[in-house]
Amino acid sequence: MKYYSTNKQAPEVDLQEAVIKGLAPDKGLYMPESIKLLPASFYENITRFSFQEIAYEVASAFFGEDLDAVNLRDIVNETLNFDAPVVRVSESIYALELFHGPTLAFKDVGARFMARLLKYFIQQKGIKQVHVLVATSGDTGSAVANGFLGVEGIHVYVLYPKGKVSAIQECQFTTLGQNITALEVDGTFDDCQSLVKSAFLDVELNDQLRLTSANSINVARFLPQAFYYFYAYAQLRKQGIEGNIVCCVPSGNFGNITAGLVARQMGLPIQRFIAANNQNDVFLHYLLTGVYHPRPAIQTLANAMDVGAPSNFDRILDLYHHDHAAVTQIISGFSCDDESIRKTIQTCDQQTGYLLDPHGACAYAALLYGLRANETGLFLETAHPAKFKDTVEEITGKPVDIPSRLQAFMAGKKQTVELSRDFQDFKKFLLEFNDIRGVKQ
Ligand SMILES: *Cc1c(COP(=O)(O)O)cnc(C)c1O
């Protein structure tokens, strides 16, 4: 399968190149040249399949030409070694719980798949070692670090701003050891990001080390997110629900919802989508006016959605051929301020006993507001409430149970390397760490 750039100014590439490159040379995002309709027999039998079996069928449609069946099946099975249950929350609203993976957030699926696909490609090419650089303000670092943990031939460097990440987030990427190195940068998230960018542009460094990125625009992180939409549909069908399903997705960079839109183009019977935002609602503005105005992000309780310029916006435009009317026919928007997030967590807990996290709360609020009488709402619960323990406990006034796998991280020993925000320090570290001497000044 070939992948084209949404900017259409770069040549088409194969999967291997799209995965290793990440971003196209014209700064566009890669998209698969065709989105295959899955056969009717797949939908007829979907309730009999396991999560892994469903995911394999979907994965084959995209990656089946580039990978043999045995390896693809192994990658899918290793990625999805946890469940994604659909749980009934209220009369016509269900939660798709995507927090049962190792870091308790949905990014585990994409990160784990990408790590294994990258490993496969570097083995195919006979490359010994690849170095993944990732800057994080919290959640991405943990998903990527854990996704790549123990994957042979790949070393991950997580750069994070010292003192600006919550203790729970920090322990999820600083206690791992093995092939994961946490770099504690004396600076801001933007400093971390610019260190990574400078590294990709540094000729000497790139001569010595094969550097790559694992950010969310990579097709190998983006497409696997389609898997759980199919599995959720299968679970709803088992509960007797078939038609008028509305999918509501808490959105930041819009990778997750775009994967859902791709699933719909593969024939998955989702009636429509709601993109739930916090106060960073440039997408809602686009839906209402047809004008896209990125703006600086503001800080909210649902911090993984604090994005002012959603990176996957171009993929949505591309899917609907830049036709605003076509986009608004399928997707509606919603904006939830911190006050509504608090209220929603509180009333949902009181009325249904279901504990939302701040991101899921935006989506639940969107469904309460926008679900029509004959529809069933399915919202994606993208993180476990324990990841936002302090906020959630303050709102509900009740202690939040911490799952044992999160406790295990918290018990681990923090190991970091402290760095300044000066690029020369970072470069020197990378070369010395990999035992490469003779650094030119
Ligand atoms: C990353 C993240 C989101 C936003 O997902 P996008 O694919 O960027 O839209 C929502 N909720 C949580 C908990 C996240 O970590």
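Helices (H or I, at least four residues) and strands (E, at least two) are DSSP runs, numbered from the N terminus. Good morning, everyone; with that in hand, let me walk you through this structure.

A word on the source: this is a predicted model, where local features need pLDDT of at least 70, side-chain atom pairs count only at pLDDT 80 or more, and totals for chains, interfaces and linings use all residues. Residues are numbered from 1 along each chain as its sequence is written, and side-chain values use heavy atoms, with hydrogens and water left out.

Let's start with Val86, which sits in strand E4 (residues 86-90). Is Val86 buried or exposed? Its relative accessible area is 8%, so Val86 is buried; buried means under 20% relative accessible area, exposed over 50%, and partly exposed in between, with a 1.4 Å probe and protein chains only. Leaving aside neighbours within four places in sequence, Val86 is in contact (heavy atoms within 4.5 Å) with several residues, including Tyr94, Leu96, Leu236 and Leu378. Pro161, on the other hand, is 75 residues from Val86 in sequence and 36 Å away in space, C-alpha to C-alpha.

Now to the sheet. Five strands make an open, parallel sheet, in the order E9-E6-E7-E8-E14. Two strands count as paired if DSSP finds at least two bridges between them. Strands E9 (211-213) and E14 (416-419) are at the edges with a single partner strand each, so one side of each has no neighbour in the sheet. From one strand to the next, the twist averages 30°; for angles, axes are lines fitted to C-alpha atoms, for helices over the stretch in contact, and the values run from 0 to 180 degrees between N-to-C directions.

Two helices pack on this sheet. Helix H5 (residues 107-124) touches strand E6 (130-135), strand E7 (154-161) and E9, and its direction makes about 140° with that of E7. Helix H8 (residues 189-201) touches E6, E7, E8 and E9, at about 150° to the direction of E6.

How many of the six residues of E6 are buried? Six of six. Val130, Val132 and Val134 cover one side, and His131, Leu133 and Ala135 the other. E6 pairs with E7 over six parallel bridges, and Leu133 stands opposite Tyr157 in E7. Elsewhere in the sheet, four bridges join E8 (residues 180-185) to E14, with Val185 partnered by Leu419.

Asp202 has 13% relative accessibility, so it counts as buried. Its side chain reaches the backbone nitrogen of Leu205 at 2.8 Å. The Asp202 side chain also makes a polar contact with the side chain of Lys427 at 3.3 Å. A polar contact here is a pair of N or O atoms within 3.5 Å; within protein, one must be able to donate a hydrogen and the other to accept it, and residues adjacent in sequence count only if both atoms are side-chain atoms.

Finally, the ligand. Which of the 15 residues around the ligand come nearest? They are Lys107, Gly252, Asn253, Phe254 and Thr382, where being near takes a heavy atom within 4 Å. A backbone N or O atom of Asn253 is 2.8 Å from a ligand oxygen, and a polar backbone atom of Asn256 is 2.9 Å from an oxygen atom of the ligand. On the nitrogen side, a side-chain N or O atom of Thr382 lies 2.8 Å from a ligand nitrogen.
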